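User: I have a chain open and want to go through it with you. Can we start with the surface and work inwards?

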Amino acid sequence: MSITRAGCAALDAADPISDFRDEFVLPDGVVYLLGNSLGALPRRTAAKVAHAVTAEWGQDLGASWNTAGWWNLPETTGDRIAPLIGAGPGEVLAADCTSMMIFKAVSAALALRPGRNVIVSDSENFPTDQYVVQGVAQAFGREIREIGPQAPLEDALGPGVAAVVLSHVDYRTGAVRDMAEVTRRVHESGALMIWDLCHSTGAVLVDITGADFAVGCTYKYLNGGPGAPAYIYVAPRHQEAARNVISGWHGHANPFEFEPGYRPAPGVRRFATGTPPVLAYAALNASLEIWEKVDMRAVRAKSVALTELFIELTDHLGLELASPRHAGERGSQVSFRHPEGYPIMRALIDMGVHGDFRAPDLIRFGFAPLYLRYVDVYDAANTLAEVLSKELWREDRYQKRLTVT
C-alpha cells in the first residue's frame with residue numbers, strides 16, 4: 001500500500017510525544033532535518049536567558065554566583081544530562097566545549113594506564129576527535145593507532161593500548177556501534193574506553209555505565225543552542241584517581257582559599273577548569289527542563305519510525321543509501337551519497353528542507369523526534385524527489401561553496 005500524506009497525518013495524530021513540538025520555535029515553510037547539527041530553539045529559552053541577563057546579572061550582579069547558583073552550574077547541569085546517557089548524580093560535568101573535554105578525557109585515561117603508549121581511534125571519527133587525539137599524542141609522546149569503521153577492533157587492541165576513543169554514532173552515516181560489546185572488548189585488553197556521544201544524546205538509548213569516560217555536546221538533539229556547554233562523564237571508580245591536566249581554579253578542592261598549589265576537587269568537579277559561561281548555561285537548562293519530561297524509549301521509537309519512513313519514501317530515487325538499512329544499526333539520521341551532494345543540498349534548503357552536506361559526497365538528514373512530524377518527512381521526501389527529477393541543483397547559484405556546509 002502506498003504511503004500518503006493523509007496516512008502520515010494519522011500517524012502524527014496518534015504520536016504519544018507530539019505535544020513536545022509546541023515547545024519549539026519552528027519557522028513556517030521549513031522542514032528542519034538538521035537536528036543532528038543544531039537543534040531548534042525551545043520557546044522558553046529566550047525568557048530564561050533574558051532573566052539571567054536582566055535579573056541575575058543586571059540586578060543581583062556578583063551575588064548571583066551564590067544566589068542564582070552560578071558557581072555550581074557545571075555540576076547541577078551535568079546532573080540533568082546524566083539520565084539521558086544512563087549515568088547517575090555526580091558522574092557528569094557540563095563545561096567547556098567538546099574538544100576540551102576530549103583532551104581532558106584522553107589525557108586522564110593515559111595517566112591511568114602508565115606504561116601503555118597507544119591511543120586507538122577510528123580513522124573516520126569526527127575531525128575534532130582526530131585532531132585532539134593527534135595533539136594529545138604529540139604533547140605526551142604517545143602513538144596513535146587508527147582503525148577503519150568496518151575493521152575488527154581486535155586488530156588494534158594489544159598490551160600497549162592505553163585508551164580507545166570512538167564515536168557511538170558515526171557522524172557521516174549514522175551507524176551505531178554496540179557500546180556494551182565494544183567496551184567489554186576494550187576492557188578485556190586492559191585499555192580504557194572513551195565514547196563520543198555527540199550524535200547519540202537525545203536521539204538513541206545510551207547506557208554509559210560500563211565505560212570509563214564519555215564526552216558529548218548539547219547543541220544538537222538537546223537544543224542547548226550554538227556554543228552550548230559540552231559535558232564529560234567520568235566513571236565513579238576513576239574519579240578520585242583521574243587527573244585533569246588543565247588544572248584550573250574552578251577544579252580546585254577549595255578555590256576560595258587561594259592556595260598557590262593545585263589540589264583537585266573531589267569527584268567529577270575536578271574536571272572543571274575555568275569560569276562557566278553563565279548565559280550559555282541558561283539556554284541549555286531551559287531545554288533540559290523539557291528533556292526532564294521526556295521518555296527516551298518513546299523518542300527512540302519515533303526516531304526509528306521517522307527514519308524508516310524517509311528511507312522508504314526515497315528508495316525509488318536512485319540515491320545510494322550510506323546509512324545502515326537496519327534500524328537497530330542506525331542512529332537518528334539518514335545519509336545518502338551523491339557526486340553532486342553539495343548543490344543538491346543547497347537547492348533543498350532553498351525549497352525549505354534543511355539538511356546538510358558532509359564532504360566528499362554525503363547529503364545528511366537528522367531527525368529530531370521531539371518536534372519533527374511524519375508529514376514533515378513526507379514533504380521532505382517529495383521535495384528531494386523534485387530537486388532530483390527537475391535537476392534544480394544544476395543552477396549556478398548552488399555551485400559555489402559557502403563557508404559552513
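User: What does the accessible surface of the protein chain come to, and how much of it belongs to carbon and sulfur atoms?
Analyst: About 17,100 Å², with 54% belonging to carbon and sulfur atoms. Accessible areas are from the Shrake-Rupley method with a 1.4 Å probe, and for residues only the protein chains shown count as cover. This is a predicted model, where local features need pLDDT of at least 70, side-chain atom pairs count only at pLDDT 80 or more, and totals for chains, interfaces and linings use all residues. Residues are numbered from 1 along each chain as its sequence is written, and side-chain values use heavy atoms, leaving out hydrogens and water.

User: What share of the residues is buried?
Analyst: 55% of the 405 residues. Buried means under 20% relative accessible area, exposed over 50%, and partly exposed in between (1.4 Å probe, protein chains only).

User: How many helices and strands are there?
Analyst: The chain has 11 helices and 15 strands. These are DSSP runs numbered from the N terminus: helices are H or I with at least four residues, strands are E with at least two. The radius of gyration is 22 Å, close to the 22 Å from the globule rule for 405 residues, so the chain is as compact as a globular protein of that length. That radius is taken over C-alpha atoms, and the rule is 2.2 Å times the number of residues to the power 0.38.

User: Switching to sheets. In what order do β11, β12, β14 and β15 run?
Analyst: The order is β11-β12-β15-β14, an open sheet of 4 strands with antiparallel pairing. β11 (320-321) and β14 are the edge strands, each pairing on one side only. Two strands pair if DSSP finds at least two bridges between them.

User: And how many bridges join β14 and β15?
Analyst: Over 3 bridges, the two pair in the antiparallel sense. R358 has L362 in β15 as its bridge partner.

User: Which residues does the cis peptide bond join?
Analyst: A359 and P360, with omega about 5 degrees. P360 is in the loop between β14 (356-358) and β15 (362-366).
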